[in-house]
2 protein chains.
Amino acid sequence: MPSSPIDPDGAQAPPEPLAEREGCADTEAPEDGLWESERVVSEAVGRLMVLWGFKRNMGRVWTILFLSDRPLTGRQLQERLSLSSGAVSMTLSELARWGVVNKEWVPGDRRDYHIAEGNLWKMISRVLRERERGEIEGAIEAFEDALAALERKARRGGSQARIELQRERIGRLLELARLGRSMLDALIANARMDATWLPRFRLGRRG
Amino acid sequence: MPSSPIDPDGAQAPPEPLAEREGCADTEAPEDGLWESERVVSEAVGRLMVLWGFKRNMGRVWTILFLSDRPLTGRQLQERLSLSSGAVSMTLSELARWGVVNKEWVPGDRRDYHIAEGNLWKMISRVLRERERGEIEGAIEAFEDALAALERKARRGGSQARIELQRERIGRLLELARLGRSMLDALIANARMDATWLPRFRLGRRG
DNA sequence: CGGAGCTTTCAAAAATTGGTGAAACTATGC
DNA sequence: GCATAGTTTCACCAATTTTTGAAAGCTCCG
């Protein structure tokens, strides 16, 4: 019966039901219980996450879950990544807030099992929508406000040359921000429409 | 003769050659010598720069220069943004390393005058090319390395199920990263080709 | 030259961010 | 209930990043 995703008795090295045990011949870096492939990918994803403004550990934890063939407990993540219990807990709840990691509820087991969201486009479009999109929206509003402030100043008098220059340049920033917004929206719409999507990407001139 | 970009005698409030003095009727926030429009835009750009992994002050300084109708000295930036002299100097040299601010050399004036790069696409494509592009390239290589490590492990024996799962999932990450790379390349190519470019943006399915 | 006026450098301070681990808390099993 | 295994919270600590300001360095003028 598939009552439990893993065999609950072997906390440290749970026996695998169908295959031989995992640790039999680790090519390299067996010291922390991570495969070389897991180590390399989790570091790369961690760096990408930092580039995106998230914490490195969010990327690392997500990757370990994504590359695991079974749900993992907080304890297991803690060991594999050499993190404190607090860090694992906080990282997991942040990941959960972004919807990229989910808990699996196993009756009769007090541990929480965690699973990575496997749909990459779903994850990405969600981040784009909630984070990038909001940020660019805020910038657009700021630029619009600035243009309004400029008109107020123009009415009250001031350097016409400077006002005209700012009008033009803030206008360009606004135009650029709106372009960015529509690019994001296009990405998000496509990602939502078809998650397995491997697109051909094109840019064309206006008209 | 256009020997000097501004009248060098009025350090604090240089007289404008063609228009009336700027400070005559500031609508709001005259305390730091910034117009409301400048304050709002520089904050917004500063936030966007943080999102992109740069320092807030880089965005603020660039914006003030971008919205100025004449080159500015370090001193003037220092006053307008209430920064220390060191901060201004370091921020300007960072901006210069990215090629988004240039110095104007005025013989017979010991001050440096600074001008913002006004070509937004040039700036953006440069950042995409040098920063994002490199980062994603590194990730692609890491994923490829991880797949190779996985094959080594497969030959030496190990959980076939886990190896197969990782092969598939790392493969998906790799595919996604390659897609991101081609999107970046498309953006960069278009931005280079035509800097005033206001594109229509499209995504289409493969095939 | 030597002084005036700016800019740059850099060590130290301040601020921010991230991580730790023990205590508090929660959900089972007995 | 109560003990137990696991999770979350949080005050504190460590590492990193940012900012400061004073000293050193330039450049031009007289």
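A: Happy to. Let's start in the loop between helix H3 (74-81) and helix H4 (85-97) of chain B, where Ser82(B) is found. Keep in mind as we go that this is a predicted model. Ser82(B) is not a glycine, yet its phi is positive, at about 55°. Ser82(B) is also exposed, because 11 other C-beta atoms lie within 10 Å, and a residue with 12 or fewer counts as exposed.

Ser82(A) sits in the loop between H3 and helix H4 (85-97) of chain A. Although Ser82(A) is not a glycine, its phi is positive too, at about 50°. Ser82(A) counts as exposed, with 11 C-beta neighbours inside 10 Å.

Helix H2 (residues 56-66) of chain A meets helix H3 (residues 74-81) of chain A at an angle of about 115°, and their axes are 11 Å apart. H2(A) is therefore roughly perpendicular to H3(A), since angles of 65 to 115 degrees fall in that class. The crossing of H2(A) past H3(A) is right-handed. On the H2(A) side, the contact uses Arg60(A), Val61(A) and Ile64(A), while H3(A) brings Leu77(A), Arg80(A) and Leu81(A). Sorted by class, this contact of H2(A) with H3(A) holds four nonpolar and two charged residues, with no polar ones.

Helix H1 (residues 36-51) of chain A packs with H2(A) at an angle of about 140°, with 7 Å between the axes. That angle makes H1(A) oblique to H2(A). Here, too, the crossing is right-handed. From H1(A), the contact takes in Glu38(A), Val41(A), Ser42(A), Val45(A), Gly46(A), Leu48(A), Met49(A) and Val50(A). From H2(A) come Arg56(A), Met58(A), Gly59(A), Arg60(A), Trp62(A), Thr63(A) and Ile64(A). By class, the residues of the contact between H1(A) and H2(A) are eight nonpolar, four polar and three charged.

For burial, let's return to chain B. Helix H2 (residues 56-66) of chain B has ten of its eleven residues buried, so the rest of the structure largely encloses it. Among those buried in H2(B) are Met58(B), Trp62(B), Ile64(B) and Phe66(B), along with the charged Arg60(B). In H1(B), the buried residues include Val40(B), Val41(B), Ala44(B), Val45(B) and Leu48(B), as well as Glu38(B) and Arg39(B).

Just after H1(B), Gly53(B) has a positive phi of about 90°. In the segment before H1 of chain B lies Leu34(B), which is buried because 21 other C-beta atoms lie within 10 Å.

Chain A contains six helices and four strands, in the order α-α-β-α-α-β-β-α-α-β along the sequence. Of the 207 residues in chain A, 30% are buried.

Notes. Residues numbered from 1 in each chain as written. Chains lettered and ligands numbered in written order. Predicted model: local features only at pLDDT ≥ 70, side-chain atom pairs only at ≥ 80, totals over all residues. Axes fitted to C-alpha atoms, helices over the stretch in contact; angles between N-to-C directions. Helix = DSSP H or I, 4+ residues; strand = E, 2+ residues; numbered from the N terminus. Parallel < 35°, antiparallel > 145°, perpendicular 65-115°, else oblique. Left-handed = near helix turned anticlockwise from the far one by under 90°. Contact = placed C-beta atoms within 7 Å. Buried ≥ 20, exposed ≤ 12 C-beta atoms within 10 Å, placed from the backbone.
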